[in-house]
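Here are my notes on this one, in the order I'd go through it on screen. Have the model open while you read.

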Amino acid sequence: MVSNLPSTTSFPDVTIPWYHQAIASVLQTFRGDEKQGLDPLEVAERQQFYGPNEIQGGQGRNTWEIFLDQFKNIMLIMLIVVALISGLIDFAELRAQALPEGTIPFKDTIAILAIVILNGLLGFFQESRAEKALAALKKMSSPQVRVCRGGQILEIKGADLVPGDVMFIEAGSQLSADGLVLEAANLQIRESALTGEANPVTKQYRPEGLPLETPLGDRQNMVFSGTEVLQGRGKILVIATGMATELGKIAQMLAAVETSQTPLQKRMTHLGKILVTSSLVLVFLVILLGTLQAGNFSNLKNLIEVSLSMAVAVVPEGLPAVITVTLAIGTQRMVKRNALIRKLPAVETLGSVDTICSDKTGTLTQNKMVVQRLETPANSLTVTGEGYAPMGNFLLQDTALDLAQHPELQILLRACVLCNDAVLRQEAQEFVIIGDPTEGALLSLAGKGGFFAETLQATWPRLGEFPFSSERKRMSVICEMPPGEQAVEDKPYLLCCKGSPELVLERCQSYQTATGIFPLEARDRAAILQRNNEMAQAGLRVLGFSQRYLSEIPEAQAEAIAEQEMVWLGLVGMLDAPRPEVKEAVAKCRAAGIRPVMITGDHQLTAKAIAQKLGISDQKAQALTGIEISKLSQPELEAIVEEVDIYARVAPEHKLRIVQALQHRGRFVAMTGDGVNDAPALKQADIGIAMGITGTDVSKEASDMVLLDDNFATIVAATEEGRVVYTNIRHFIQYILGSNIGEVITIAASPLLGLSVPLIPLQILWMNLVTDGIPALALALEPAEPNVMQHRPFNPQESIFARGLGAYIIRIGLIFSVITIALMAYSAEAYPETWKTMVFTTLCLSQMGHAIAVRSRTQFTFTSNPFRNPYLIIAVVATSILQLMLIYVEPLRLFFDTQRLSSSQLLLCLGVSCLLFGWVELEKLIIHWHWTRKNPSKSR
Ligand code: ATP
């Protein structure tokens, strides 16, 4: 049955292009039904036939490119050079038959090259995984589409669309299929992704199709996958999905998944360059000094070996892998707390956020609206009922009102239904809405008065509309009146308008009562605004309603003329309760030095009432409105931006100015947004946050992070995770780099003490990768410290080595080398057979103690819970066992050039190793002592 549909592959060969055909014939070809949509059974068959609506492939790097990219790292290049030089020396010795007995030739070369390849492979697998994970995350935030199937309006995944579907699009939608326009209301689409044309294109219903020669950019009766709806609404017949769309045909248009390097990764690349350069300088110095000391080149071989070992020691081979793993773990932890990371750098920079600018509706509040009050010009009514169920009463001073006696109320309720795009539906025991909750609440309100969308919208067909946008803050529809309803002669059309009360009221000239229509005097306007303010002060979200009769349907752009001289109908006040968890989250923010700021399109008094309830501001706080912002120059805005906690009645362009002003004052800003026009502000913010449930596709595309539950508390949770990630990264960097410095200095000191090189490259690689790498990975898994949200955010400009970290690394490196050199000097005398193995063992074991102590800069190890991070215990035990195996298991001993240690020698190494642990704990004691001297009254 399905097989005689146009096939995906035949699409490009269609003899008559769709845009050139009459809509009726296209509908026939696809067996589409404009009113009912496809039958669910037919949908399943078509999904089989056409496959999922997905673009395959894309521009991302291919497997080879990812693999080769791993070797562009300067540190790996240096290791390759070291391997080659070491190989050349072995080769020369082999030829001169001077290789010491029992030595395996080319062992170091092979080992180093193996490490290089292993490192490359590790990086490769991690990056491919990261790319896949990000692609999967991207899929999770992929568009939902509203369709009509089997006569019902449903929300489905974009990937489930099939040709023949009837879909609805609106401002903010990102299209995921090509289609023909069945209906369009001021439908403006940005097609730059496809045609390069930056200006929006207006789409229209063209029942007869367009001329054959119409180029892609001018096909006004078609919409295309990958483009964005900027304004208006439309009903579309899907005609191509997946690879058959215009976008699919030019698959390279698909933006590559973003796996940009994080600031930290960039800094590490930079650090690599510094390390390589400094090691080259050191190598040069060692050879020069060693030769000068000896007075000839007799010692050259030993000096070259020392240099090679130093070059290997200076490279923190394990570090890149640990960083990648930490960031990956960070994204996983965040997604568990409902924050979906879209751009990797956000994981680490979230810890620096010091200002969170949040929308009100849905983020701070529940976005579950219930109408509680109605204010017609003559009456103040209370509305009862819960949730979206259309059941409840209209009370006038506690007495149920008889609607039949109040035609003005009936007109208002009718406007609630006609000027509405939401759908209210009963699912099991519950009433749910599809669409905007504000409009859902209006449908439920009208239902309580016996006005239902199914009947009203059919008898009053909508012929035109001026859609809602955050800039207009209102919406109007134009309906044809049913016969017999005509109220005014020669005016067969009714325009209903709803929106921000101030804006609607200023477009009205008269008001409606039960007895007729009266002119609006100045005092009537003042009285209406007064009632609006009272409701807003009580925290209600208020909408104003009006209507007018028209003699003809206005042009699409004629809103300024059509929305004038209207008749005022009344005010509707709905409750949108704050989310219960937000108050605590706000308090947490404050303790953490993060300032929450409310930016809303709603009325300033409503905004203030909610902000006070949540602790965002106190009673004295002033709200700055969009109009006031417009009057301020940017420097003037910058001057006050630090004092204002509430911005009300703002438009998206104000949001952009607010972020810029805050950033100019040195703030690191996270900003939420959901609308299509919020995208510039989201991009400008340091962390752009889109709403997962109510957000438009365009806002999600522009964001760094998506809130899966639209909840403010989730932003705070993600910030906390960001801080944990950053702190852990600092922990293991100080752990790994301190060890590298210790190794380098120990090796450099050996020729100065007249000793041969204590560590061969293989042992150094072992230390850097295994005995340093494994505990470092465990450090990355450290849970949050209890005080993580009790200190100020990290300065985003600070170097990773700031706040004493660089000094710590150098200090620990020095202490580490002093301890090891002392042991080296003693054991070289006392145990000439085994001293090298003792140095090797001491270096490794010292790092175990260091790993345990480094977890906190202030908390003593013996007073903290040892099982807080069980991975660290496992890592330390496992690594110590591995190290002992290198000394006591025969084949490993031979391969790693170690000697069996006696128990007293091993104990000596262990004792000396404890010194490093003792030193770090001593530092904590000094910090503690210093702190209590400065703050005698407080205990830590
Ligand atoms: P926030 O910016 O915190 O999400 P908001 O939802 O009030 O708050 P907008 O969506 O920009 O912000 O709405 C601005 C104003 O437009 C609202 O306060 C309301 O007066 C009006 N409004 C909101 N939704 C509609 C709608 N569906 N139809 C008509 N007017 C609306």
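1. Strand 21 gives the largest share of the shell around the ligand, with three residues. Bear in mind that we are looking at a predicted model throughout.

2. Which residues come nearest to the ligand? Out of 21 residues around the ligand, the nearest are K360, T361, R541, T600 and G601. By class, the shell splits into ten charged, six polar and five nonpolar residues.

3. Now for the polar side chains at the ligand. D436 puts a polar side-chain atom 3.1 Å from a ligand nitrogen. S470 has a polar side-chain atom 3.1 Å from an oxygen atom of the ligand. T600, already listed among the nearest residues, has a side-chain N or O atom 3.0 Å from a ligand oxygen.

4. How much of the ligand does the protein cover? On its own the ligand has 600 Å² of accessible area, and the protein covers 92% of that. The elements giving two or more residues to the shell are strand 17 (474-480), strand 18 (493-499) and strand 21 (541-550).

5. Turning to the sheet: eight strands form an open sheet with mixed pairing, in the order 8-28-27-26-9-23-25-24. Strand 8 (339-341) and strand 24 (623-625) are the edges, each pairing on one side only. On average, and with direction ignored, neighbouring strands here are turned by 20 degrees against each other.

6. I356 is the residue standing opposite A670 of strand 26.

7. Two helices deserve a look against this sheet. Helix 22 (residues 652-664) lies across strand 9, strand 23 (595-599), strand 25 (646-648) and strand 26. The angle between helix 22 and strand 26 is about 170 degrees.

8. What does helix 25 (residues 712-752) lie across? The list is strand 8, strand 9, strand 23, strand 26, strand 27 (687-691) and strand 28 (705-707). Helix 25 runs at about 155 degrees to strand 9. Strand 9, strand 23 and strand 26 are also among the strands that helix 22 lies across.

Notes. Residues numbered from 1 in each chain as written. Predicted model: local features only at pLDDT ≥ 70, side-chain atom pairs only at ≥ 80, totals over all residues. Heavy atoms only, no water. Pairing = 2+ DSSP bridges. Helix = DSSP H or I, 4+ residues; strand = E, 2+ residues; numbered from the N terminus. Axes fitted to C-alpha atoms, helices over the stretch in contact; angles between N-to-C directions. Contact = heavy atoms within 4.5 Å. Near = heavy atom within 4 Å. Polar contact = N/O pair within 3.5 Å; in protein donor to acceptor, adjacent residues only side chain to side chain. Areas by Shrake-Rupley, 256 points an atom, 1.4 Å probe, with all protein chains shown as cover. Nonpolar A, V, L, I, M, F, W, Y, C, P; charged D, E, K, R; others polar.
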